[in-house]
Amino acid sequence: MDKLLNFIFSFSQDATSKPEYCLSAATAHEKIKVEVYYDAFDEHSRRFLTTQYAPWYPYFEEMATVHLVPGGNIKDPEHTDGTCVSLNKTSACMANKLQSVIIEKYSKINDVGDSIDGSLRLTLFIDCLSSNGNFSKDWYTIGEDCLGQWLPDEKWFDLQIHLSSPAGNEVFKAAIEATKAIRGETDLKVMPWVTLDGAKHSQRATGDLMQTVCQKFTDEKPVECTTTTLEVFYSALDAPFSKFFKGQLLPMFNKLRERVNLQLIPFGVPHAQQTLEQECAGKQEETCLHNRIHVSRILVVVAAVLY
């Protein structure tokens, strides 16, 4: 919204003729700088891009600038000068290089003559690549298809020439060097690595990018930052819960995960006149054991996300 208003009123040279909102929006707090270091073929990276980044980008783009760095999860690149030895359809090096070149170009373009700005078009292109389960088997064919869908002004043949040029090598070399630098600051082997405002890798951001940005942003926040707490009390071995989890809870959570603070509470139906030890005795021993397992796993996941 700020972008549209500032664009409309940029045609007025007299600041006094602009609404107060436009003046305040122009001097709003600086955006959060988010950097995502990833490997184009890596399963964890692709899941992050398709579930944490792409679907929510339109909502947090007013709060943050996102710089994608596909340097690859390799200690020693094929060549540190940005070239790739393997050029076949399963080359992770070429897949990362393709994305590096496109990111470098379209992160600087506002639009290409239609209603989709460059950063959103770039996001849709990366999402198209990452969401295709065969991308690691044939980056070339899938890359050409996604280019035609989301970057219609690009010519695939010309892009291939650019990938092999000194300019293309320099772009990918910069991504490799940036990735090597961040690798030295973390002992994590699993990508992606996400930093906010130059700080160290944020494990929380990899699991909940939208809400991490929301919490860090200090200016007026979009309504998408507001969450609803959903508490689910259940028993681990309860058949109706299994049906509810698979049929309702999981599909809903996958679509609304950034808007819901889900709290799973595996205890079952408590008896007011019994102690915890009595609850877990006799026929209920197995159920109690599985509930305890659920509790322990939930705590491990929460701790991993928060810390």
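Student: How many of the 13 residues of α6 are buried?

Tutor: This is a predicted model. Buried means under 20% relative accessible area. By that cut-off α6 is mostly covered, and the count of its buried residues is 10.

Student: Which elements do the buried residues of α6 pack against?

Tutor: The buried residues of α6 include Arg121, Leu122, Phe125 and Ile126. Packing here rests on contact, that is, heavy atoms within 4.5 Å. The partners of these buried residues are α3 (43–53), α4 (57–60), β2 (64–69), α5 (92–106) and α7 (139–150).

Student: What distance separates the end C-alpha atoms of helix α6, and what span should its 13 residues have?

Tutor: Helix α6 covers residues 118–130. The expected span is 1.5 Å times one less than the number of residues. For 13 residues that gives 18 Å, and the distance between the end C-alpha atoms agrees: 18 Å.

Student: Is Phe244 buried, partly exposed or exposed?

Tutor: Phe244 lies in helix α12, which runs over residues 239–256. Buried means under 20% relative accessible area and exposed means over 50%. Phe244 has 30%, so the class is partly exposed.

Student: Which residues form a nonpolar patch on the surface with Phe244?

Tutor: The patch has about 220 Å² of accessible area, counting its members together. Besides Phe244, the members are Phe245 and Leu250.

Student: What percentage of the residues in the chain is buried?

Tutor: The chain has 14 helices and five strands. It holds 307 residues, and the buried share of them is 38%.

Note on methods. Residues are numbered from 1 along each chain as its sequence is written. This is a predicted model: local features need pLDDT of at least 70, side-chain atom pairs count only at pLDDT 80 or more; totals for chains, interfaces and linings use all residues. Side-chain values use heavy atoms; hydrogens and water are left out. Helices (H or I, at least four residues) and strands (E, at least two) are DSSP runs, numbered from the N terminus. Buried means under 20% relative accessible area, exposed over 50%, partly exposed in between (1.4 Å probe, protein chains only). Patches are made of residues with over 30% relative accessible area and no salt bridge: like charges are joined within 9 Å, nonpolar side chains (Val, Leu, Ile, Met, Phe, Trp, Tyr) within 5 Å. Accessible areas come from the Shrake-Rupley method with a 1.4 Å probe; for residues, only the protein chains shown count as cover. A salt bridge is a side-chain nitrogen of Lys or Arg within 4 Å of a carboxyl oxygen of Asp or Glu.
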